[in-house]
Amino acid sequence: MAQILVIADDLTGSNATGALFARLGLHTVTVSEPAQVPRYAGAVDVLVVNTGSRRFPPAESYDAVHAAVAAAAGDGLVVKRVDTTLRGNPGRELDAVVDAVTARDASTPVRVLAVPAFPDAGRTTVGGIHLVDGVPLTRTPVAQDLFSAVQHSRVASVIGEQSALTTAEVPLDVVEDGVGGVLGALRQPAAVLVCDATDNEHLRTVAAAAARLTAEDGTRWVSLDSGPFGAALAAELGVRPAGNPPRILAIVGSVTEATHEQLARTEKALGAHYVQIDPDAPAPAAQRIVGELRAAADAGTAVLGVRVAPSRVRDPAAAERILRCLAEVAAQAVDVLEPGGLYTSGGDVAAAVTGALGAEGFAIEAEVLPLAVAGHLVGGPHSGLPFATKGGLIGGPDAAVACVERLRAMHTRGLPRVRGAPDHLGPPGGATTGPAGSGTVHDSTPGSNHRRAEGVSP
């Protein structure tokens, strides 16, 4: 069955949330007809069900959600996706999820993490109050929404308007203390724990604490959130695409503070391993660096790379020497490691690496974030290799993680089909709106990491 079931109350939110899981390389499909739920539940990693219930009366929304969860009949993570401004019937629909999950397995404790913050969209929660660009909900236009006006700014009050589930709040200072502090707070006996969050690191902290509690006592979590927390919780609970994740090779020449923070995030979130070059020392032999990367890969590391120690390089000759070393490492490592994607940071590095790989061009697929682009190499022996490039000064702390996740999704999306999905199902790693999904499907468990494209013309 699907590893994750997402229940959303409108199609826009369904697809937006599905895209967050697809970015992790998880095969994600959205359906809107209850009859399609059992058909797809056993064929995908993430099934997103759009109940279209935001404007339903509370009793009808309960029935729609309960039926969807019951039809999925799985034991994976259930995410009740709520509107970023908490419109609709969040309390009643949460009751429906909890009731359906409990009815299936009453022996496992089921608790709810309510983390509706979506920091990248300006939605945060502080002191239990949900804010839009720093303004409490009841002072925003959603308080006058013609169809589903929000009457409360406090998340617990929005839930409590329709649900009798007990609630407790985990304040921001506890979240900022780290996983240990949140873990203690999560041991409170309340059925619903409303957690403050103002940035993506807070979401990961809460998710890591929840995963640790699950490992300790088997707690089964239901997530009530607007998308990003559910994805963070899934990652911390160890949800992965079928098969082994593709290797991603990172070649990083930038030494900016922003780059240093971004790489630290990849180490924490993705378990990345980097071999570091000292800019003040003679450039090491590329073969030795590749050997260290190979050893890390053999130990199970999926994100590997080489970086320059964060110090100012003043000698132009040293800078050129480092650039040549990075390009040589890339050329050797791509052959040895056969990565499913290649990430570079720094404009000169991107040019040097593509040249070293004998590529004739770069086919652009998408902008991952402003001035960070993903696509694939065109021409040469590695034509078709997914490739993402970003400037060293570009993006926030999660920019490198976003680029790596995009490469994983691109790799997974192009694999040949092996699983028992419906014939018209969209490719893994891509969020497909079904059942009227598009086109021919290529779905699979990852095999070889490095796929050379067929029929790619220069």
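E201 is buried, at 15% relative accessible area. Buried here is under 20%, exposed is over 50%, and partly exposed lies in between, with a 1.4 Å probe and protein chains only. This is a predicted model: local features need pLDDT of at least 70, side-chain atom pairs count only at pLDDT 80 or more, and totals for chains, interfaces and linings use all residues. Residues are numbered from 1 along each chain as its sequence is written, and side-chain values use heavy atoms, without hydrogens and water.

Which residues pair with E201? Start with R204. The two side chains form a salt bridge, 2.9 Å from N to O. The term means a Lys or Arg side-chain nitrogen within 4 Å of an Asp or Glu carboxyl oxygen. E201 and R204 sit 3 residues apart in helix α8, residues 200-217, so about one helical turn separates them. Helices are DSSP runs of H or I, at least four residues, numbered from the N terminus; strands are runs of E, at least two. R204 is buried too, at 17%.

Next, R265. Its salt bridge with E201 spans 3.4 Å, N to O. That pair joins helix α8 to helix α10, residues 257-270, across 64 residues of chain. R265 is buried, at 16%.

Then K268. Its closest N and O atoms with E201 are 2.5 Å apart. K268, however, is exposed, at 59%.

Now the wider picture. The whole structure has 18 salt bridges. One network links D9, D10, R54, D83, R87 and D145.
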